[in-house]
Amino acid sequence: MIRAVLRANVLHLFARAAVRWSRPHRAKALVEAVGMRLPRLEDASAAGRVAASLRGGTCLTRAFTVAALMDGANVVVGVSPLERSIVSPRDPSIFAHAWVEHGGGPIDARDVAGAEIARFVFARTSSRLS
Amino acid sequence: MSAARRFHPAEHVHFRAFDDAIILLDLSEGEYFSLDAVGAFAWERLTRGETLGEIAAAEAAEFSVDEATALRDLEAFTSELEARRLVTRVEDAP
């Protein structure tokens with residue numbers, strides 16, 4: 001497990017750079033491409049332990065990292081309005097969060113927040129390699 | 001004629017409706033936007049393919065505003081959406 005945590009933390013550093021310097025779909029593809037070359041996390045329990053070890057970054061970078069290490073995981077983006085506002089970018093009145101789902105549900109139910117607005121689907125390594 | 005214009009959400013834009021607001025997520029830029037109740041009213045109709053004229057008439061019936069004012073506001077609203085690449089204009093067949 002220690003190796004899995006170390007690998008995830010290194011991948012998370014890469015994810016932080018990818019999200020900072022590229023757009024979301026591109027960042028997802030980059031993190032996925034690196035993550036699929038690493039040993040897989042077998043279940044939600046292992047993913048939860050790895051996720052808990054990740055520090056810094058954002059919920060999106062942490063979610064990309066964990067999802068890239070699991071076959072068939074999704075990263076879900078949830079949002080909710082905090083108050084009324086006019087059109088504005090990076091609106092402070094919007095709450096947004098990202099979490100990982102696998103096997104039809106979140107790997108940590110406590111991590112779900114807001115209503116789904118978008119979903120990043122990560123590939124299974126077996127389908128990529130076949 | 002601006003009243004005949006139609007728009008649809010850009011491919012990279014995801015949106016979610018709430019009670020009196022809509023949140024837009026531009027995945028090409030990673031930016032969020034919120035629309036208030038009037039903006040949400042217009043957005044829902046834009047996504048149904050209604051023209052600005054049809055939406056202005058609906059706004060006049062729904063809110064205390066005359067149709068000409070509603071149309072001017074819609075032109076400004078859609079111009080801003082277009083400038084931010086959140087919608088694309090639907091070109092009618094000649």
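Q: What kind of model is it, and how are things numbered?
A: This is a predicted model, where local features need pLDDT of at least 70, side-chain atom pairs count only at pLDDT 80 or more, and totals for chains, interfaces and linings use all residues. Residues are numbered from 1 along each chain as its sequence is written, chains are lettered from A and ligands numbered from 1 in the order in which they are written, and side-chain values use heavy atoms, with hydrogens and water left out.

Q: How many helices and strands are there in chain A?
A: Chain A has five helices and four strands, taken as DSSP runs (H or I, at least four residues, for helices; E, at least two, for strands), numbered from the N terminus. From the N terminus on, the order is α-α-α-α-β-β-β-β-α.

Q: And how much of chain A is buried?
A: Of its 130 residues, 43% are buried, that is, under 20% relative accessible area with a 1.4 Å probe, protein chains only.

Q: How many residues of chain B are in contact with chain A?
A: 22 residues of chain B are in contact with 23 residues of chain A, contact being heavy atoms within 4.5 Å. The area buried between the two chains is about 2,000 Å², with 65% from carbon and sulfur atoms; buried area is the accessible area (1.4 Å probe) that two parts lose on being put together, summed over both.

Q: Which residues in chain B lose the most area to chain A?
A: Leu27(B), Tyr32(B) and Ser34(B), together 30% of what that side buries.

Q: Which side chains meet in a salt bridge?
A: Arg23(A) and Glu29(B) do, at 3.0 Å, N to O. The count between the chains is one salt bridge, defined as a side-chain nitrogen of Lys or Arg within 4 Å of a carboxyl oxygen of Asp or Glu.

Q: OK, the largest pocket. Which residues lie nearest its centre?
A: Val19(A), Leu60(A), Gly30(B), Glu31(B) and Tyr32(B), out of 20 lining residues. A pocket here is an open set of points on a 1 Å grid over the protein atoms alone where a 1.4 Å probe fits, with protein on both sides within 12 Å along at least five of seven lines; lining residues have an atom within 4 Å of a point.

Q: Which element gives the most to that lining?
A: β2(A), with three residues.

Q: Last one: what does α2(B) pack against?
A: The buried residues of α2(B) pack against β1 (6-9), α1 (37-47) and α3 (67-83) of chain B. Among those buried residues are Leu52(B), Ile55(B) and Glu59(B).

Key:
Buried < 20%, exposed > 50% of the residue type's maximum accessible area, 1.4 Å probe, protein only.
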